[in-house]
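My notes are below the structure.

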Amino acid sequence: MSTSVPNSETSSTPYVPLEILDKLSVIPKSELLFSSQNLKQSIELQREVLKTLRRFRTEPESVTLVGADVLLLQFLKNVYHLVSSLPGTLRFDALEDTIAKSELARPFLGNMAADGSLEVGYPSEENALCDTVGELVRVAAAAVICYYHYTNFPGNTDSIGSDEGCLIFASLALRSITGPSRAATVSSVEAELASLSDDSIMTLNEIAWLMHFFRGTLLGLYAKVHAHMGKPTDQRDSLIAQQSDFLSLVKRAPENPMGYSLYARACLQFQQHKAAYVFATKGVVIAEHHRAQWHRAQLLCEQAVALALGGGPSPADSDAPTGEAWRTADATAMTQQALAALKDELCQLPEVYHDLIVLEPGPELIGKFLLPKAQEVVNKAIENKDGAVVARATEGIMPVVPELYPTVTSGPLPLGAMTLVNGPSPAITSANEDAAAGQQ
């Protein structure tokens with residue numbers, strides 16, 4: 001069960017970036033919540049990218065390789081801020097078309113035609129890697145734009161799909177900056193990134209985080225496609241690879257709360273309740289530190305669900321074994337705190353973003369489903385005269401709920417999904433293998 005905020009006016013609320021920027025700019029920085037701060041920074045970067053592109057068009061002689069590198073980094077950092085803020089914010093980024101048509105990401109991306117077809121150029125050498133910032137940012141930008149194309153345009157079965165392009169480019173970027181053999185390259189690229197601007201537009205870990213995010217998110221879409229096609233083994237393989245990518249989000253950017261909520265939910269999907277509880281608990285601390293109220297709400301709900309399904313530390317005055325029971329007051333408090341955090345988020349968040357405030361799982365999963373299910377177990381214990389379970393229940397200590405957390409496979413499929421009609425592609429298999437190797 002998910003929680004969403006009904007907002008009938010959102011669909012008619014126009015998205016005017018500069019007006020939103022003006023509204024957010026008058027809020028003192030110390031009072032800006034995490035989501036609002038990231039959305040503000042994203043719009044500022046979009047403005048800079050468009051300003052630079054206009055200059056490149058009117059003054060072609062001003063275009064330099066370094067200038068193009070900086071522009072692509074600003075584009076990527078804009079996307080990083082967007083996907084870190086709230087789920088679903090990519091629809092508020094209009095730069096993918098513009099970057100593709102600028103052809104600054106050549107040789108990996110060419111023009112995007114009026115009919116939506118995208119020119120994609122793949123490395124001719126199978127083991128080629130990125131050794132410079134220029135190569136890395138173009139590969140990373142190609143991964144992001146291919147994902148955008150896959151989710152917004154129909155696929156073409158006569159050529160390699162943009163979904164495979166996303167997987168290929170994201171995996172190439174990650175292989176280029178991961179592992180002991182790439183240590184010298186990593187040091188060189190980090191130094192080059194630092195030299196491009198006084199305040200370091202984007203770090204190498206942020207680029208890696210972005211590639212894990214898009215590869216993991218795309219693998220989640222693949223899981224839905226495989227479920228739709230009746231291929232449970234391929235669905236599971238994609239979800240396993242996705243979970244590994246989401247774990248890498250926590251490793252690459254431990255101060256970004258988005259990674260914790262994505263990984264905790266991935267753990268719930270595999271019934272890894274203890275791991276989900278641990279990462280959700282850590283994520284709540286990170287979210288509180290950064291005033292990330294939506295993230296805090298989501299993590300509190302994940303924490304409560306993991307507690308109900310897997311149990312948690314027992315009260316000191318109870319004989320309930322750790323891991324086989326949970327305190328209802330704890331789970332209820334978590335859901336109440338989650339609702340309060342959502343209220344805080346909505347008070348500051350511009351209205352056009354309000355329909356993005358969705359929690360999956362949401363607080364009602366505890367109150368309307370898990371608590372009644374736990375009570376059913378208690379009722380059965382009463383029938384069986386199991387005094388220990390009944391006695392603990394009177395103290396608000398419930399047995400774990402014998403239910404499985406569902407894997408969500410419903411929802412619209414991406415427009416480019418028709419490229420999967422012939423089954424899993426080599427790119428999917430390669431991405432699964434890369435993600436699994438990263439986890440090991």
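**Entry 1: the pocket.** I kept in mind that I'm working from a predicted model. I went to the largest pocket and got a volume of about 1,600 Å³. Its lining takes in 49 residues. Which of them lie nearest the centre? I found Pro87, Gly88, Thr217, Leu221 and Lys224 there.

I then checked which elements supply the lining of this pocket. Helices H5 (133-152), H8 (204-228), H9 (232-252), H10 (257-269) and H12 (293-310) each give at least two residues, and so does strand S5 (358-359). H8 gives the most, with seven residues. Sorted by class, I have 26 nonpolar, 16 polar and seven charged residues in the lining.

**Entry 2: Lys77 and Glu206.** How many salt bridges does the structure hold? I got twelve. One of them pairs the side chains of Lys77 and Glu206, at 3.4 Å from N to O. This pair links distant parts of the chain, as Lys77 is in helix H3 (residues 65-85) and Glu206 is in helix H8, 129 residues apart.

Buried or partly exposed, I wondered, for Lys77? Lys77 has 11% relative accessibility, so I put it down as buried, since the cut-off for buried is under 20%. Glu206 has a relative accessible area of 16%, so it is buried too.

**Entry 3: Lys373 and Glu376.** The side chains of Lys373 and Glu376 also meet in a salt bridge, at 4.0 Å from N to O. Both residues sit in helix H14 (residues 364-383), three residues apart, which I noted as about one turn of the helix. Lys373 comes out at 23% relative accessibility, so it counts as partly exposed. Glu376 is partly exposed as well, with a relative accessible area of 45%. I also wrote down a network: Glu103, Arg106 and Glu119 are joined by salt bridges that share partners.

**Entry 4: Arg327 and Asp330.** Here I found another salt bridge between side chains, 4.0 Å from N to O. Arg327 is partly exposed at 30% relative accessibility, and Asp330 is partly exposed with a relative accessible area of 34%.

**Entry 5: Gln37.** Last, I looked up Gln37, which is found in helix H2 (residues 34-58). Its relative accessible area is 16%, so Gln37 is buried. What does Gln37 contact, leaving aside its neighbours within four places in sequence? I listed Lys29 and Leu32.

Definitions and conventions: Residues are numbered from 1 along each chain as its sequence is written. This is a predicted model: local features need pLDDT of at least 70, side-chain atom pairs count only at pLDDT 80 or more; totals for chains, interfaces and linings use all residues. Side-chain values use heavy atoms; hydrogens and water are left out. On a 1 Å grid over the protein atoms alone, a cavity is a set of points where a 1.4 Å probe fits but cannot get out, and a pocket is an open set with protein on both sides within 12 Å along at least five of seven lines; lining residues have an atom within 4 Å of a point. Grid points are joined across faces, edges and corners, and a volume is the space filled by probe spheres set on the points. Helices (H or I, at least four residues) and strands (E, at least two) are DSSP runs, numbered from the N terminus. Ala, Val, Leu, Ile, Met, Phe, Trp, Tyr, Cys and Pro count as nonpolar, Asp, Glu, Lys and Arg as charged, and the others, Gly among them, as polar. Buried means under 20% relative accessible area, exposed over 50%, partly exposed in between (1.4 Å probe, protein chains only). Contact means heavy atoms within 4.5 Å.
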